[in-house]
Amino acid sequence: YESANTSWIPVVDPEGTLIGLLTSSNVRAARAALADAKEEDRDNLTVQDFMMTKYLFVNENTPVEEAVRIMIDYDVEELPVLKDGYFSGIITEKIMLRALMEITGARRQGIRLMVELENKTGELLRLLQCISDLDGNVQGFCTDCAPEDEHIIATLRVEGVDKYSLKQAVKSLGQKVIDIR
């Protein structure tokens, strides 16, 4: 196993099944136990005596947004990834930030457009059609429901159109432009 600068180490059985996690606090507890143990008892202490056996994890086929939800809801920075019960990797906050960057097209040139849309059928399609009619090309986008769920906040990366034309076209749809740059 290669370290990915994680705060824990996976503990697997001989077949590769994840059976626990060894965290830095587990290591500190092990050191203290070793220091306090009688010399004849030290040889009987194992990683299994100190590892965590209850932990959150995701499967390889867990959607990215579900993994993010788990990480946020449980305030964890990393999750083990399992495939058929076997440890297969780690998903980290940094990996999630990279995914967000790719989804939103942040590495691409173009205009970042943030629009408030009514949360009803066809509104996103109307926005995309508007951009297409301007010969604009959407390089990435994501959406988020506003707190009242009556609106959707759509953030898009658009190429091939000038900012003024894009803003005017979106406003002509009756949509609120929150930010454009």
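Modeller: Two strands count as paired if DSSP finds at least two bridges between them, and a strand is itself a DSSP run of at least two E residues. The model discussed here is predicted.

Biologist: How do you know that strand S6 and strand S8 pair?

Modeller: S6 (residues 111–118) and S8 (residues 151–159) share eight bridges. The cut-off is at least two bridges, so S6 and S8 count as paired. Their sense is antiparallel. Within this pairing, Glu 116 has Ile 153 of S8 as its bridge partner.

Biologist: What makes S7 and S9 edge strands?

Modeller: The open sheet has four strands in the order S7-S8-S6-S9, paired antiparallel. S7 and S9 (176–180) each pair on one side only, and are edge strands for that reason. Neighbouring strands of the sheet are turned by 20° against each other on average, direction ignored.

Biologist: Which strands does H4 lie across?

Modeller: H4 lies across S7 and S8, and runs at about 120° to S7.

Biologist: Which residues lie nearest the centre of the largest pocket?

Modeller: Val 64, Glu 65, Val 68, Met 96 and Leu 100 do, out of 15 lining residues. A lining residue has an atom within 4 Å of a pocket point. Helix H3 (64–73), helix H4 (93–104) and strand S7 (137–145) each give two or more residues to the lining. H4 gives the largest share, six residues. The space in this pocket is about 390 Å³.

Biologist: How do the lining residues divide into nonpolar, polar and charged?

Modeller: Twelve are nonpolar, one is polar and two are charged. Glu counts as charged, so Glu 65 is one of the charged lining residues.

How values were computed:
Residues are numbered from 1 along each chain as its sequence is written. This is a predicted model: local features need pLDDT of at least 70, side-chain atom pairs count only at pLDDT 80 or more; totals for chains, interfaces and linings use all residues. Side-chain values use heavy atoms; hydrogens and water are left out. On a 1 Å grid over the protein atoms alone, a cavity is a set of points where a 1.4 Å probe fits but cannot get out, and a pocket is an open set with protein on both sides within 12 Å along at least five of seven lines; lining residues have an atom within 4 Å of a point. Grid points are joined across faces, edges and corners, and a volume is the space filled by probe spheres set on the points. Axes are lines fitted to C-alpha atoms, for helices over the stretch in contact, and angles run from 0 to 180 degrees between N-to-C directions. Contact means heavy atoms within 4.5 Å.
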